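Student: I have a new protein model to study. Can you take me through it step by step?

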Amino acid sequence: MSAPPLPLLGQSLAALKDWAVEQGQPAYRGQQLHTWLYHKGIRSLQEVTVFPKAWREALQEYPVGRSQVVQRIESRDGTVKFLLQLADGELIETVGIPTARRLTVCVSSQVGCPMACNFCATGKMGYRRNLKLHEILDQVLTVQEDFGRRVSHVVFMGMGEPLLNRDTVVQAIRSLNQDIGIGQRHITLSTVGVPRQIPWLAQQDLQITLAVSLHAPNQELRQQLIPSAAHYPLDALIQDCRDYMLCSGRRISFEYTLLAGVNDLPIHARQLAHLLRQASQAGARLHVNLIPYNPIAEADYQRPHPTRVAEFVRLLEEHHVQVSVRQTRGLDSNAACGQLRGSFLRASPEPAPGRS
Ligand code: SF4
């Protein structure tokens, strides 16, 4: 039995031209297909009205690689969360976050996640599989179509640890840039840290922003929150961050989720400032993004009071660390990653096809 054909989404312009020729068509049909795939957002080759009718009909079952939107939930602030069903029935989430000048997509890179961070709804569901290239690109096209405007920024901060699916994620970054037209500097890859992968990423000659999620200022607390951190001591992670910045010439954005009474005490702010100083070269600006926690049903953690957040900010600034506090967008719509999928599965009486 021959393998099913590769979905067209994710294929480069050159590959699509070759494909058209293999199909007995002139190469310019591949160019047309590239436009219809990446800019008109087709879901079936039937929709490519510039193709000869007989050829379109012969190819109507050919896989394009688009998912189905199973749920769409819009928050009061305009953020839209999508639950997408993949060809094998798996469910993933993606989020469109609009502002006046930007449209950002928060994409997933895996179905579930093996890192098991104990404050995260995705971490609670376990790992099912890595996403394929077309499944990552599809998320961006889905948001673009829904909002009727171009996506300007992409953040790999949805379900999954992107560096555990590194080759596909890097292919997706190149395709987002070359095929969809999103500047690499507008793409952020967020990781909690996987041994040996930050040095690997530094060699990939990308212009993206790397965001490293610390969530704790010492190894003991970090291991409690992120069990996988047991295999990647904080000292080694910080050394890799330092080397990454030296090698790539790019700054790292550090992320720190504030959990009430757990990692938001004054001593944690002082330890964090010390840690960030170790990560940076002398004289370099230090910057950390604080994210007040968005509580989930699956974990006991709480969001800190705004006065506690303000005190944390003040202490970091006192230690010459630049701080921003991320506004939680879409707080009213199962906003934390993994929550929408979890509530959908609990509410739906029938399992989706393909899920055990
Ligand atoms: S926070 Fe990120 S890395 Fe940790 S379990 Fe959730 S999705 Fe995975």
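Tutor: Start with a term. Buried means under 20% relative accessible area, exposed means over 50%, and partly exposed lies in between (1.4 Å probe, protein chains only). This is a predicted model, where local features need pLDDT of at least 70, side-chain atom pairs count only at pLDDT 80 or more, and totals for chains, interfaces and linings use all residues. Residues are numbered from 1 along each chain as its sequence is written, and side-chain values use heavy atoms, leaving out hydrogens and water.

Student: What percentage of the protein chain's residues count as buried?

Tutor: Take the cut-off for buried, under 20%. Apply it to the 356 residues of the protein chain. The share that counts as buried is 55%.

Student: Why is strand β10 largely enclosed by the rest of the structure?

Tutor: Strand β10 covers residues 252–258. I252, F254, Y256 and L258 point one way, S253, E255 and T257 the other, and all are buried. In a regular strand, side chains alternate between the two faces of the sheet. Strand β10 is largely enclosed because its buried residues number 7 of the 7.

Student: Which residue of β10 is the bridge partner of L210?

Tutor: Two strands pair if DSSP finds at least two bridges between them. Strand β9 (residues 209–213) and β10 have 4 bridges, in the parallel sense. In β10, the partner of L210 is I252.

Student: How many residues of each class form the shell around the ligand?

Tutor: A residue is near a molecule or strand if one of its heavy atoms lies within 4 Å of it. Around the ligand are C113, M115, A116, C117, C120, G123, G160 and V192. Ala, Val, Leu, Ile, Met, Phe, Trp, Tyr, Cys and Pro count as nonpolar, Asp, Glu, Lys and Arg as charged, and the others, Gly among them, as polar. The shell has 6 nonpolar, 2 polar and no charged residues.

Student: Is C113 buried or exposed?

Tutor: Look at its relative accessibility, which is 9%. C120 is also in the ligand's shell, and its relative accessible area of 17% makes C120 buried. C113, at 9%, counts as buried.

Student: How many disulfides does a search of the whole structure find?

Tutor: A disulfide is a pair of cysteine sulfur atoms within 2.5 Å. The search covers the whole structure, and the number found is 0.

Notes: Helix = DSSP H or I, 4+ residues; strand = E, 2+ residues; numbered from the N terminus.
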